[in-house]
Amino acid sequence: MPKNGDPVEYQVGERTVRVTSPDKVYFPERGITKRQVVEHYLAVGEPLLRAIGERPTTLKRYVDGVAGEWFYAKRVPKGAPEWVQTARITFPSGRTADEVCPTEPAVFAWAANLGTFDFHPWPVRRSDVDHPDELRIDVDPPDSAGFDDAVVVARVVREVLADAGLTGYPKTSGGRGVHVLVRIRPEWDFIAVRHAVIALGREVERRIPDKATVSWWKEERGGRVFLDYNQAARDRTVASTWSVRGTQRATVSTPLTWAMLDDVHPDDFDVLTVPAFLAEHGDLHAPMDETAFGLETLLEWYERDDRDLGGAELPYPPDYPKMPGEPKRVQPSKARPDTE
C-alpha cells in the first residue's frame with residue numbers, strides 16, 4: 001500500500017471524484033488527514049454552494065498540509081475536469097484570468113484533493129463580475145486583542161448596518177476575527193461598494209473610538225480592532241463560509257446567528273465538529289438570500305464625510321495602481337511633505 005493510502009473515489013451527485021493519498025496528514029497536531037478535509041466538504045457541499053455558487057473563486061492551496069507553503073490559485077488548475085466551470089475576472093492591473101466557478105458540490109471535493117483548504121470567492125456572480133452582490137465587513141483584531149474584542153465591534157457593525165437599512169449575517173473568520181455579510185443589489189461597482197464599507201467603518205469608529213478603527217496604517221491603530229475596508233476592493237476576498245482555515249486546529253469559518261456570537265469561540269468549529277453543527281442547526285445564513293439591500297444611505301454618508309473631512313477616500317493596498325482621490329500611500333511616520 002502507498003505510504004499515504006490507496007486512492008479512493010467518492011460519488012458526488014453525477015460526478016466521481018478521485019482522491020489520491022487520502023491518509024496524508026494535513027494537520028499534524030491533530031492527525032487530521034486529506035480524507036477528513038474532503039469529507040468535510042462533502043458534508044457542507046450544499047450550503048457552501050449556496051454561499052459561493054456561480055462566484056469566481058480563488059483556491060488557497062496547502063499541497064503539503066498546514067505546515068507547508070501555501071499559495072493562491074487564481075486560475076483554474078491544469079487538468080481540471082470538464083465539469084469544473086470557470087468565470088473570467090479582471091484584476092486591478094487590467095489583466096484577466098479564468099477562475100474556478102463552483103456550480104456543483106463535486107467541485108469542492110475535487111479542489112480539496114488538490115490541497116485546497118479555503119475558498120476565496122469574489123463578491124460577484126459570473127453573470128456580472130463588475131458589480132458585487134455581497135457586502136463584506138472584515139472585523140480584524142490585532143495580535144494584542146482577540147475574538148471577544150472582535151465580537152464587541154461586530155455588534156456595533158450590526159447597529160450601524162441597521163441604521164443604514166441593511167441586515168448583516170455574522171460568521172467566524174476561522175481565526176480571531178468576525179466577518180459580517182450583507183446581500184446587496186448588484187447595482188454598484190467595486191469602488192462604490194468599497195466607499196460604502198469605508199463610510200460604515202467610520203461610523204463604527206465614531207461610536208466606539210477606543211475599540212475600532214479604519215486606519216490603514218498599523219502605527220495609527222493603537223491596538224484597536226481594524227475594519228478592513230480594503231477587503232471590498234477588486235480582487236480582495238475573504239475566506240468563504242464553511243472554509244477550512246490554515247490553522248493548527250483545522251478551524252472552519254462558520255455561519256452563526258447574532259444570538260450565538262457571545263457564547264462561542266472560533267476553536268469550537270473545526271473539520272471534526274462542523275458537520276454535526278450543520279446537521280443540528282442547518283444553514284444559518286440561508287435567509288440572507290431572501291432580501292437584497294441597497295447602499296444609498298451608506299453612500300450618502302460617504303459623500304457627507306467627503307465634504308466634511310475634506311476627502312473621504314482612504315489608501316488602497318500597495319499593489320494597486322494609484323486611484324482617484326486617494327491620499328498619500330505612505331506610512332505617516334515616514335511621510336515627507338512631497339510624498340505622493
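On a 1 Å grid over the protein atoms alone, a cavity is a set of points where a 1.4 Å probe fits but cannot get out, while a pocket is an open set with protein on both sides within 12 Å along at least five of seven lines; lining residues have an atom within 4 Å of a point. Grid points are joined across faces, edges and corners, and a volume is the space filled by probe spheres set on the points.

You're looking at a predicted model, where local features need pLDDT of at least 70 and side-chain atom pairs count only at pLDDT 80 or more, but totals for chains, interfaces and linings use all residues. Residues are numbered from 1 along each chain as its sequence is written, and side-chain values use heavy atoms, with hydrogens and water left out.

**Stop 1: the second largest cavity.** Select Pro 123, Pro 132, Phe 190, Val 193 and Gln 231, which are among its lining residues. The space here is about 60 Å³. Strand S10 (134-140) gives the most to this lining, with three residues. Strands (E, at least two residues) and helices (H or I, at least four) are DSSP runs, numbered from the N terminus.

**Stop 2: the largest cavity.** Now pick Ala 51, Ile 52, Lys 171 and Met 288, four of the residues around the largest cavity. Its space is about 90 Å³, and helix H2 (45-52) and S10 each give two or more residues to the lining.

**Stop 3: the largest pocket.** Select Asp 138, Asp 140, Asp 228, Gln 231 and Arg 245: of the 34 lining residues, these are the closest to the pocket's centre. The volume is about 870 Å³. S10 is back, giving the most to this lining with three residues. The lining splits into nine nonpolar, twelve polar and 13 charged residues (Ala, Val, Leu, Ile, Met, Phe, Trp, Tyr, Cys and Pro count as nonpolar, Asp, Glu, Lys and Arg as charged, and the others, Gly among them, as polar).

**Stop 4: two helices.** Finish with H4 (residues 147-163) and H5 (residues 190-207). Where do they touch? Contact (heavy atoms within 4.5 Å) includes Val 153 and Val 157 of H4 and Leu 200 and Val 204 of H5. By class, it has seven nonpolar, no polar and four charged residues.

Technical notes. Axes fitted to C-alpha atoms, helices over the stretch in contact; angles between N-to-C directions.
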